[in-house]
Amino acid sequence: LGLAVCVVGSSSFLYHDYCIIGAGPSGLQAAYFLQQAGRDYVVFERSHAPGSFFALYPRHRKLISINKRYTGKSNSEFNLRHDWNSLLSHDRRLLFRHYSRDFFPNADTMVHYLEDFASLLKLQVQYNTAIIHVTLEKDEQAWNGHYFLLTDQDRQNYKCSSLLVATGTWVPNVVNFPGSEYVEGYETVSINPEDFAGQTVLILGRGNSAFETAENILGVTNFIHMVSRSRVRLSWATHYVGDLRAINNGLLDTYQLKSLDGLLEGDLEDLAIIKDKKGKLHITLRFYLENRNISAGIDSITLPQDELDNFATRAPYDRVIRCLGWKFDFSIYNRSLRMMPGKGNTNKYPQIKPSYESRGTRGLFVLGTASHSVDFRKSAGGFIHGFRYTTRAVHRLLENRHHGVPWPSTVYPITQLTNSIIKRVNEASGLYQMFSVLADIILLRENATAFEYLEEYPVGVLAELETQTGRKAPSGLFVVIMEYGKNFSGADKDVFYYNRAVGEAQHAWQSNFLHPVIYYYKRLPTEREMKLRPPDWPLPRPDAIHHIVEDFLTDWTAPNAHILPLRRFLENCLSTDLRNFFAESCFLFAFTRQKLPPFCQQGYIRMQGLMGSQRLRRHAVEAGLLDDFTLTDFLGDKPPDSHQGSQDQLLRDHTIPVRPLQHLVNAKDE
């Protein structure tokens, strides 16, 4: 790739069209797509190798992203649904199953994998380069009306037209309260269980890092208490992979089975810690210390147990460990970029649009874990198996905006509509992992004779589809998305209740587990409609909606339960007949109907189809898909052997176009 040098005054800038900050998984994924497209880019990485976060975290080295090596299927797209570690590429060697046999791999394996991903694909990564300042330079000739100026630790300057931030969240969350100086951080605490032998430990936090730390020392401590402001959220109840995973929840057993460990809820900012002469740490409340000198000694300070003798944390602790997660580093961005924290529980992430572009600065996109505010606590956008797809979506948006390359699409005849949807919902990994966030868009052509299929578009910017993709939607559209049931997920939900699954197609709208939902719009929704959509709906109210009933095997290919209801829904929306027919039926329709079904128009009338055979015809008759027309009606009293010979001769002389066997399920008139 070429490198330009810009000179402004006495300063020189190394120029690239695209600058990526961070060579973690999302940075490398973005680099791969840019390289495949032949774009001018560079990745800045402060460490000597990619994936530096994984060189330290998780501290106890076991990842919670699954590495399912066997699914019983050979479809590579389907298998990515259950491979949470691989990045997207054309190189089959770079599948994570070739790197680890463990279901929950070691973090060192991830570091090795990312190193190979960068080197084997020859990605343009500049290591040992820490970007310490980012600002803007206004220029009407620039792609976005300004350039991004970056400065590294050696005061080298860089200039970019578009900036992709892939730094993740790595600044530890810290709560300041009286005595917080006695707290050890997750990032530095010992991981040797023997260092905790016979000790009493308090852990601040309730996420996977807190429970991971507890799991490591569970067998050697006197007891462990865990304090957080919110109740524990189990991932199997919330269906959010960032909540507490089963692999780390041993402390829940020892708590509920009364083995001394326990969980407490409380606001950490109300706490205070006092250290006694023996080095023990006592928990009190901040208001007890008002107008008192904390260094005066514990004997002169009122503790909660002095007034409430069964105060839960009255026993002193040997150690207090902070495990409160991480937040985004805003410090390197000049105020001109207006990189602001999100609101509420997304304040650890920068504010971005559903297109992953910064709300404050055009041309600045946030990728990877730091972009999780779009789907925080809803989908998988903060994790590799989610953001590998959102990163690809951002690349496609950039290709259209800056290079005039429309969003990839395929045009099919309308007769393939049902098959196209069924194929995608059964194998697409992006729809499956980024449920409620990414969707397939089906743009209808005039008179519904054909359709254009766009894969994995961010539904949050559906109203901007025409400008963001370069595709037109003049005749209506379908949106194919995956969803859980509206009332099935939550920290307080019992997801194992009896009769929790729906099995009949007529009750599909009550499905609880992840299942496909198809929205139909006669026209593209507007920005206002997107803003006013019902709570917890990914999209505005459609003109029609169809739920494909949930399936225990996540296999939506059942002819009666899945395919037939979907086909009838599509037919009702389009006022057409999407069934498939044998040549005999099309021949009959040509003489008895004013308008032929699309399958006959686009197939039989154009002399398209498969040549028939005696075996295929016999199968169709036995399956009830064709009438068993014999020749006795017009051959008179010929003997059976002569009849059979005549029929064989007829099949040889007059071959009948028929469809492949695997598509015959829709041939009957339902």
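Predicted model: local features only at pLDDT ≥ 70, side-chain atom pairs only at ≥ 80, totals over all residues.
As for charged pairs, the count comes to 23 salt bridges, and here are some of them.

**Lys-159 and Glu-137**
- Lys-159 and Glu-137 pair up through their side chains, with an N to O distance of 2.9 Å.
- This one ties together distant parts of the chain: Lys-159 belongs to strand 7 (residues 157-165) and Glu-137 to strand 5 (residues 131-138), 22 residues apart.
- Lys-159 has a relative accessible area of 8%, so it counts as buried.
- Glu-137 comes in at 19%, which also makes it buried, as the cut-off is under 20%.

**Glu-452 and Arg-471**
- The side chains of Glu-452 and Arg-471 form a salt bridge at 3.2 Å, N to O.
- Glu-452 is in strand 20 (residues 450-458), while Arg-471 sits 19 residues away in the loop between helix 12 (465-469) and strand 21 (477-483).
- Both Glu-452 and Arg-471 are buried.

**Glu-584 and Arg-617**
- Glu-584 bridges to Arg-617, and their closest N and O atoms are 3.2 Å apart.
- Here helix 15 (residues 583-592) supplies Glu-584 and helix 17 (residues 614-622) supplies Arg-617, 33 residues apart.
- Glu-584 is partly exposed at 25% relative accessibility, whereas Arg-617 is buried at 17%.

**A salt-bridge network**
- Arg-392, Arg-424, Asp-440, Glu-455 and Glu-456 are joined in a network of salt bridges.

Terms used
Residues numbered from 1 in each chain as written. Heavy atoms only, no water. Salt bridge = Lys/Arg side-chain N within 4 Å of Asp/Glu carboxyl O. Helix = DSSP H or I, 4+ residues; strand = E, 2+ residues; numbered from the N terminus. Buried < 20%, exposed > 50% of the residue type's maximum accessible area, 1.4 Å probe, protein only.
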